[in-house]
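Hello,

Please open it first, then read on below.

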Amino acid sequence: MILLVVSDLHIDTGGKLGTFGWKPKKFIEVVDAIIQHYKVDKVILNGDIFDLYKDSYKDIVEANKKIIDYFHRNQFVLIRGNHDIWVPSFKNHLTIKNSSGKTIHIEHGHKADFLNGTRFGRGISLAFYSMLRILVKIRWVERLFFKTVSYIDEVERIPRKYNTFKYLIYALKLLRRYDMVILGHTHKLESHKIYYLNNKKIYLNCGTCSLKRFQAALVDTETLDYELIKIPKKAKFDVAFLPPF
């Protein structure tokens, strides 16, 4: 089975704090093209699909009916992230065992840190965004917000938005039980191979699809072969430029 794993879309209502950036029709076209190109069997939306820190679930659904209907296909599996943890229909994680007994574990990854992985920490984040919704009405605050988001999401910049070493440690703990672990949350594409008790283990981070970017992990569940996909926000999409798999 071929999996396409994407995360951190942060779909919103298109307001001043919105960071999804995609037109629903364009995003659907890109995902459909990738599904057809790689003959994808399942699309895993690995958390922070919506941004409930900024907008209510009801308002997001009303503003994005086309993309919500698209996600309700049987081909899609929706996993809960810290920004959409209140949506009851989402899964907390997904674990797949292939025909040879190898296991793939997929979760958002926010449990690795205090601010996003605890109820108290999420309360702090909610309070921050509540205040920001008021302040962003000031034009210079809005500009500063998006400049900051773009800056801290820059892949090549150090220090990075999150301490990715902390999430690597979290993934290594999971890899004691699983053969492959796929996280999101940090907005950073990553791949690491290690050996534990003479067994090869793989940790992937599927990056982000916010700010008009498209990043994802492509995985063959039988062979555990994988490919990381990265389409910059300024690039004109063409399947011819997708990496081979």
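Which side chain does D179 meet in a salt bridge? The partner is K102, with 3.9 Å from N to O. A salt bridge here is a side-chain nitrogen of Lys or Arg within 4 Å of a carboxyl oxygen of Asp or Glu. This pair links distant parts of the chain: D179 lies in the loop between α7 (164–174) and β6 (180–183), while K102 lies in the loop between β4 (94–97) and β5 (103–106), 77 residues apart. Helices (H or I, at least four residues) and strands (E, at least two) are DSSP runs, numbered from the N terminus.

Before going further, please keep in mind that this is a predicted model, where local features need pLDDT of at least 70, side-chain atom pairs count only at pLDDT 80 or more, and totals for chains, interfaces and linings use all residues. Residues are numbered from 1 along each chain as its sequence is written, and side-chain values use heavy atoms, with hydrogens and water left out.

Back to D179: this residue is buried, with a relative accessible area of 10%, whereas K102 is partly exposed at 31%. (Buried means under 20% relative accessible area, exposed over 50%, and partly exposed in between, with a 1.4 Å probe and protein chains only.)

D179 also forms a salt bridge with K201, the closest N and O atoms being 3.9 Å apart. Here too the pair links distant parts of the chain, as K201 sits in strand β8 (residues 199–206), 22 residues from D179. Both K201 and D179 are buried. Shared partners join K102, D179 and K201 into one network of salt bridges.

The count of salt bridges comes to 4. Another of them pairs K54 with D51, whose closest N and O atoms are 3.3 Å apart. K54 is buried at a relative accessible area of 7%, and D51 is buried at 1%.

Now for the aromatic rings. Rings of Phe, Tyr and Trp (its six-membered ring) pair if their centres lie within 6.5 Å; planes under 30 degrees apart count as stacked, over 60 as edge-to-face and the rest as tilted. There are 10 aromatic pairs by this rule. One of them, Y38 with F245, is edge-to-face, at 6.2 Å centre to centre and 90 degrees between the planes. Y38 belongs to helix α1 (residues 24–38) and F245 to the segment after β10 (226–231), 207 residues apart. Y38 is buried, with a relative accessible area of 8%, but F245 is partly exposed at 42%. Elsewhere, F20, W22, F27 and F214 form one aromatic cluster.

Enjoy exploring!
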